[in-house]
Amino acid sequence: MAVLLNCSSRSNRAAEQRARLGELLNESGLAADLLCAEKGRHMGELARRAARGPYDLVVAGGGDGTMSTVAAAVSETGKTMGVLPLGTVNHFAKYLGVPLDLEGAVRTLVEGRRVQVDLGEVNGRVFVNNSTLGIYPSIVRDREALRKRSGINKWLAFALATVSGIRRHKGARLRLLLDGQELELDTPFVFVANSDFKLGDLDLARQRPPHRGELGVCVARAESRLAMLKLIASAFAGRIQKANDFSIMRTTELRVEASCRKLHVAADGEILRMAPPLVYRTRPSALSVIVPPSSDISAGSRRQEDQPGNVAALGG
């Protein structure tokens, strides 16, 4: 099997983590080639080479951005993907039920079972968790800039970026077309869910995840900065799904039209600039991925599973 890592970090912690991973893989008896992307932007090409190579199992080690990059490559080949959660949020790993500690994640590669999960896409760009439009991509961009510039922790950076984002944000006039419905509105926030309705630690809908072949869509209506602030406060209080100016829908496809030349789009935390119209689609059961035997990912969901079994033999 191939284990793909983003090796751009030269910190002692990252080096120790890679060394510990090598030890755990050896102890597990899995034959693994550790492949490093020296810069984050090189991960896509590394993932494509590994997916086209002799490996039946391609393991992504990193955060959610790495997960979506590797998932896009692996899904094109029909091979299986493993998950080592080495990022900050690790949304995809949490959704799958993969342990967040390195020992548990490696054990899942040995003892786990394969399931087929959906992927989402926006204008052909794959995402495993969610994609957002409006104020949130600006907040993420400003948060990361603050952290790099001043070294403050992520929560303080997020709070400062949110205040700054509300002050500067101008609502976008969007036209949304989904399953025969048409909505035209000024909105500061559109959220498209592939896996569940969680944005970081916030559960925006408190509903079942989308079924197979279905996307979840959340849309906020806020005509003033005060209304936007109230919506954000209700989100942190866990009550946004009850707000009158917040809608939750489900669809098989979403088209977003806008008069501007470019829109900032967040996909699994990665910020992109895309020309509208944006077309969101689902790729049902497009990705084979390993989950722990105890994972409840199939409970009440759209996913179809293989029978439990040892997958160590997938090592190439």
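Modeller: Start with threonine 251, whose side chain reaches the backbone oxygen of glutamate 253 at 2.8 Å. That is a polar contact: a pair of N or O atoms within 3.5 Å, where, within protein, one must be able to donate a hydrogen and the other to accept it, and residues adjacent in sequence count only if both atoms are side-chain atoms. The model is predicted, so local features need pLDDT of at least 70 and side-chain atom pairs count only at pLDDT 80 or more, while totals for chains, interfaces and linings use all residues. Residues are numbered from 1 along each chain as its sequence is written, and side-chain values use heavy atoms, with hydrogens and water left out.

Threonine 251 sits in strand β14, residues 246–251. Helices (H or I, at least four residues) and strands (E, at least two) are DSSP runs, numbered from the N terminus. Threonine 251 counts as buried because its relative accessibility is 1%. Buried means under 20% relative accessible area, exposed over 50%, and partly exposed in between (1.4 Å probe, protein chains only). Leaving aside residues up to four places away in sequence, threonine 251 touches Leu178, Asp179, Gly213, Glu214, Leu215 and Val217. Contact here means heavy atoms within 4.5 Å.

Strands β8 (residues 172–178) and β9 (residues 181–187) run antiparallel, joined by seven bridges. Strands pair if DSSP finds at least two bridges between them. Alanine 172 stands opposite threonine 187 in β9. Two residues lie between the strands, and aspartate 179 takes a positive phi near 45°.

Now move along β9 to leucine 185. At 7% relative accessibility, leucine 185 also counts as buried. Beyond residues up to four places away in sequence, leucine 185 touches Ala172, Arg173, Leu174, Leu176, Val219, Ala220 and Arg221.

Next, the aromatics. The whole structure holds two aromatic pairs. Rings of Phe, Tyr and Trp (its six-membered ring) pair if their centres lie within 6.5 Å; planes under 30 degrees apart count as stacked, over 60 as edge-to-face and the rest as tilted. Phenylalanine 127 and tyrosine 280 are edge-to-face, at 6.1 Å centre to centre with 75° between the planes. Phenylalanine 127 lies in β6 (residues 125–127) and tyrosine 280 in β18 (residues 278–291), so this pair ties together parts 153 residues apart in sequence. Both of these residues, phenylalanine 127 and tyrosine 280, are buried. Phenylalanine 189 and phenylalanine 191 are stacked, at 6.4 Å and 25°. Phenylalanine 189 and phenylalanine 191 are both buried too.

Strand β18 also packs against the buried residues of helix α5, as do α1 (12–28), β3 (57–62) and β4 (80–85). Helix α5 (residues 102–111) has seven of its ten residues buried, so it is largely enclosed by the rest of the structure. Those buried residues are Leu102, Gly104, Ala105, Val106, Thr108, Leu109 and Val110.

Finally, the whole. The protein has eight helices and 19 strands. Of its 316 residues, 51% are buried. Among contacts between residues at least 6 apart in sequence, 71% join residues at least 24 apart. Mean pLDDT (the predictor's confidence in each residue, from 0 to 100) is 84, and 85% of residues reach 70 or more. Residues 299–316 fall below 50, yet this stretch has 52 contacts beyond near neighbours in sequence. Where pLDDT is low, the predicted coordinates should not be read in detail.
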